[in-house]
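Here is a report on one model, shown below.

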Amino acid sequence: RAAWVFGLAGLIPFVGLAVLAGLGPQPWQPVAAILLAQYGALITAFVGALHWGHAVQAGTRGGAAWLRYGYGVLPALWAWFALQFANATTLQLLAGGLLACLAADFMFQRSQPWPVWMMRLRLVLTAVASLSLLLAAL
C-alpha cells in the first residue's frame, strides 16, 4: 500500500508540470518543461536503481548479478544522455527510456520476479509519466 501511495504521489510533478508546460501562463511554460525534463531524468535513474535493490535483496550472484547490476546503471546513463538535447527531444527520449525500462522489467520478471503488485504499479506509473512527458513535448 505504501508503494502505491508514494508511487502515485510521484506522478504529481509529471502531470502538474506537463499541464503547466502546455497550458500554463506563457512565462511558466518553458520553465515547467525544463523542470519536467529534470524530474523525468531523476525518475528514469531511479527506475534503474530498483534493479540494484532487487539484486541486493535477492542475493543475486554470478552472471545474473552482472546483468542485473549492469542494467541498473543504463537508465541513469540514458537520462543523462537525454538531457543533452533540446527540451522537446529530451522529453521524448525520457518517455521512450521509461517505456524501454518497463519492457526490460517484464523481461527480468521471468527470471527474478517482483511481486505481481509491483509490475502493476510499474505499468501505471510508466504510462502516466510517459504520457505526461510526451504531451509536454508537443
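## Packing in a predicted model

Helix H4 (residues 62–82) contains Gly-72. Helices here are DSSP runs (H or I, at least four residues), numbered from the N terminus, as strands are (E, at least two). This is a predicted model: local features need pLDDT of at least 70, side-chain atom pairs count only at pLDDT 80 or more, and totals for chains, interfaces and linings use all residues. Residues are numbered from 1 along each chain as its sequence is written, and side-chain values use heavy atoms, with hydrogens and water left out.

Gly-72 is buried, at 7% relative accessible area. Buried means under 20%, exposed over 50%, and partly exposed in between (1.4 Å probe, protein chains only). Neighbours within four places in sequence aside, Gly-72 is in contact with Gly-48, Ala-49, His-51 and Trp-52. Contact means heavy atoms within 4.5 Å.

Next, the helix pair. The axes of H2 (residues 11–23) and H3 (residues 28–58) come within 7 Å and cross at roughly 155°. Axes are lines fitted to C-alpha atoms, for helices over the stretch in contact, and angles run from 0 to 180 degrees between N-to-C directions. H2 is therefore roughly antiparallel to H3; that class takes angles over 145 degrees, against under 35 for roughly parallel, 65 to 115 for roughly perpendicular and the rest for oblique. Residues making the contact include Phe-14 and Leu-17 of H2, and Leu-36 and Tyr-39 of H3.

Pro-25 sits in the loop between H2 and H3. Pro-25 and Thr-89 are 22 Å apart in space, C-alpha to C-alpha, and 64 residues apart in sequence.

Now the rings. Rings of Phe, Tyr and Trp (its six-membered ring) pair if their centres lie within 6.5 Å; planes under 30 degrees apart are stacked, over 60 edge-to-face, the rest tilted. The count is 5 aromatic pairs. Phe-81 and Phe-85 form an edge-to-face pair, 5.0 Å centre to centre with 75° between the planes. Ring pairs link Trp-78, Phe-81 and Phe-85 into a cluster.

Arg-68 has its charged end over the ring of Trp-114, 5.4 Å from the ring centre. The rule asks for NZ of Lys or CZ of Arg within 6 Å of the ring centre and within 35 degrees of the ring normal.

| Residue | Relative accessible area |
|---|---|
| Phe-81 | 36% |
| Phe-85 | 38% |
| Pro-25 | 42% |
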